[in-house]
Amino acid sequence: MPRDPRYDILFEPVRIGPKVAKNRFFQVPHCNGGGYRDPSAVAEMRRVKAEGGWGVIFTEQVEIHHTSEITPFIELHLWDDRDIPALARMSEAMKSHGALAGIELAYSGINGPNLYSREVPLAVSGGPILTFTSDPVQARTMDREDIRDLRRWFRNAFVRSQRAGFDIVCLYGAHGFGILQHFLSRATNHRTDEYGGSLENRARFVREVIEEGREATKGEMAISLRLSLHEAGKMGFSNAEVRDFIEMHGDLPDLWDLAHGTWEQCSGTSRFKPEGAQEDLVKGIKDLTPRPVVGVGRFTSADAMVRQVKSGILDFIGAARPSIADPFLPKKIEEGRFEDIRECIGCNICVSGDMTQGISRCTQNPAFMEEWRKGWHPERARPKGASDSVLIVGAGPAGLEAARVLGQRGYRVALAEAGTSLGGRVTRERALPGLAAWGRVADYRTGQIAPMPNVEVYFDSRLTAEDILGMGFDHVAIATGATWRRDAVARHHLFPIPTDPAMPVLTPDDLMADGGPSGGCVVIYDDDHFYMGSVLAELLIARGCEVHVVTPATKVAEWTENTLEQGIIQARLMEAGVHLHLSRAPVAIGARAVTLACTWTGREADLPADAVLMVTSRTPDDGLYLDLKARDWRGAGIRSLKVIGDAAAPGPIAWATYSGRRYAEEMDAEDIGDALPFRREIAELL
Ligand code: ADP
Ligand code: SF4
């Protein structure tokens, strides 16, 4: 389909210093948990974005010198010439379809604990390292010689970036993580020499690095400066100072890359931040500078993007997560394929891959970071194999993704669902406070399979093993999900606790089925530590209940540190009047009270309650699978029987979509026996 002229503006070329971007789609730097450990996996991930039509594609943060590194986080290195080949592979991949290749240079200063290099950290002003993990390490204040060294290290990094084939260097000074911001901000710059004090002095280092980088690369590379739009706190580099700085140095970099304050603020989840949330902070900055401006905002709507450009707020539409969820977002807008856009749901599971030093995954795009490891592609699947038909039982995220990919591959697919809607857990969870965007997991897949003539959906079809044996399919996948437990068993309690049947004990499933109390005192026992406990606390507060959250952890929703939500969740619950009982777990549930014990001292106390809500763990609904497995399914002509998604092992939604994708990808694949099912890179021995 020819492009709708309404969106032409998004496809205009835009100059960035000596370079020209082919359009306004700008993949800002983003981590991926792969970094130096998985360079080919990262390169291939970026290549797919090039294919998907992005005009500018960036690396994640690249540490320029061994005196500042953020172990345990896995980013990229440019410590010496030996790092160039891996980065050259990335730039080649980025440029493969006409995008500009960008590299983000980082020196972490007060944020780099140097756990690996063992160097003394250097900072604008010394003090304890400001990591998430409060590492007991301090940084030394740089003297003038150190600053000269650091300028040289930046110059070397510019030259190496150019040799590695990049078009744009981005200097990282955002999220409180980069030393450029540490110089600019009075919170981290307490110097009394020519690098401290007035804004002009605090800007000196940035100016020197940009001018020297430009000279070192003979003006052939574009240079962008990535800044936080607002640093909170009395001494922080506030939005007003950011504007003063940009006005004073409007033409210093070739582009301004502006991101909210901390990483938590910049990459807010959809539960707490709408699309385009940074608009007020970035509006008007374009008038202060002749250089183009890029900003982010989890943009997935082409109309919202057009509005940002037409109303003079942004020149480039910056995107990290929307480009992860759909690397083909620009191409789909260009081709008018709006129904094919796989919109980011704003869950930050991708971020958790970096935070846990695993490898990132995406709830919406299970091919993310599997492009090289497994040869998966976000848009294409392997051609159909020898067999013909597949029955998928259960239409949650796992079943839907399996049906979508098998349908795309050309199999005859029957998707049988016991209920009357598609989406499984997502259909229920999207109705909870703040989780509406999660429904996109179901909407995208439902939209994709609807026009497929080879995929049939059967509603109201709760199948039994007997039914399935008589249906004549070649392959059967059981994707029947999981059910929340009612007996307190999870991590802290491995066995049920004594419970008086007079106390109403509920689960999230009860509340999502619209049951549960609308008043009285409810004790939520959270041994799940992800989002569900706090979401239901907010739901019950809205229903007028008095809510007590009990958790063996020292914080509420502890695992949401990995999705950058924990701080906001804890603050919201406290503000909403939820009573928090941290480092506590129930030892017995009586008729009118719960006996809690301190997890450190064992000291017990009774907490009166009208109901208890268990947010603990889930039991796989694998009865159908086990029943079938015990029968002669091969004798009935079924060639394979598998259990996938939550029915195999309950986990986050991303685990289920991955499981569905894997099932579909491996259909009719060669049996690899005990071989490793993915590629990996192994360090070359010296
Ligand atoms: P997952 O996250 O693994 O996709 P969900 O719990 O989201 O799992 O979805 C499981 C789906 O399976 C639900 O929509 C449920 O109604 C459906 N289901 C469960 N048992 C059966 C069955 N015997 N026949 C058909 N559908 C079933
Ligand atoms: Fe968006 Fe979630 Fe995918 Fe991250 S994991 S890109 S937040 S859908």
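# Reading a predicted model, feature by feature

User: Is Arg-373 buried or exposed?

Analyst: Arg-373 is buried, with a relative accessible area of 17%. A residue counts as buried under 20% relative accessible area, as exposed over 50%, and as partly exposed in between, using a 1.4 Å probe and the protein chains only. This is a predicted model, in which local features need pLDDT of at least 70 and side-chain atom pairs count only at pLDDT 80 or more, while totals for chains, interfaces and linings use all residues. Residues are numbered from 1 along each chain as its sequence is written, chains are lettered from A and ligands numbered from 1 in the order in which they are written, and side-chain values use heavy atoms, with hydrogens and water left out.

User: Where is Arg-373 found, and what does Arg-373 touch?

Analyst: Helices (H or I, at least four residues) and strands (E, at least two) are DSSP runs numbered from the N terminus. Arg-373 is in the loop between α13 (349–355) and β15. Contact means heavy atoms within 4.5 Å. Not counting residues up to four places away in sequence, Arg-373 touches Ala-41, Ile-359, Phe-678 and Arg-679. A polar contact is a pair of N or O atoms within 3.5 Å; within protein, one must be able to donate a hydrogen and the other to accept it, and residues adjacent in sequence count only if both atoms are side-chain atoms. The side chain of Arg-373 makes one with the side chain of Glu-370, at 3.2 Å.

User: How do I read a sheet, and what is the order of the strands in the one that contains β15?

Analyst: Two strands pair if DSSP finds at least two bridges between them. The order here is β17-β16-β15-β18-β29, an open sheet of 5 strands with parallel pairing. Its edge strands, β17 (455–458) and β29 (640–643), each pair on one side only. On average, neighbouring strands of this sheet are turned by 15° against each other, direction ignored. Strand β18 (residues 475–478) runs parallel to β29, and 4 bridges join the two. Within β29, Val-643 stands opposite Ile-478.

User: Which helix lies across β15, β16 and β17?

Analyst: Angles run from 0 to 180 degrees between N-to-C directions, and axes are lines fitted to C-alpha atoms, for helices over the stretch in contact. Helix α14 (residues 397–409) lies across β15 (389–393), β16 (412–416) and β17, running at about 165° to β16.

User: What is the order of the strands in the sheet that contains β20?

Analyst: That open sheet of 5 strands has the order β20-β27-β21-β22-β23, with parallel pairing. At its edges stand β20 (505–506) and β23 (579–582), each with a single partner strand, so one side of each is left without a neighbour in the sheet. The partner of β20 is strand β27 (residues 611–615), paired in the parallel sense over 2 bridges. Val-505 has Val-612 as its bridge partner in β27. Helix α19 (residues 532–542) lies across β21 (521–526), β22 (546–551) and β27, at about 170° to β21.

User: Which residues come nearest to ligand 1?

Analyst: A residue is near a molecule if one of its heavy atoms lies within 4 Å of it. Of the 22 residues around ligand 1, Ala-398, Glu-417, Ala-418, Arg-425 and Asp-646 come nearest. A polar side-chain atom of Glu-417 is 2.5 Å from an oxygen atom of ligand 1. A backbone N or O atom of Leu-463 lies 3.1 Å from a nitrogen atom of the ligand, and a polar backbone atom of Ser-461 is 3.5 Å from a nitrogen atom of ligand 1. The protein covers 90% of the 590 Å² of accessible area that ligand 1 has on its own, by the Shrake-Rupley method with a 1.4 Å probe.

User: Where is Leu-564 found, and is that residue buried or exposed?

Analyst: Leu-564 is in the loop between β22 and α20 (566–575), and at 9% relative accessibility Leu-564 counts as buried. Its phi is positive, about 65°, although Leu-564 is not a glycine. Arg-118 likewise is not a glycine and has a positive phi of about 65°. Arg-118, in the loop between β6 (100–106) and β7 (122–123), is exposed, with a relative accessible area of 75%.

User: Which residues does a cis peptide bond join?

Analyst: The bond joins Thr-71 and Pro-72, with omega about 15°. Pro-72 is placed in the loop between β4 (56–63) and β5 (76–77).
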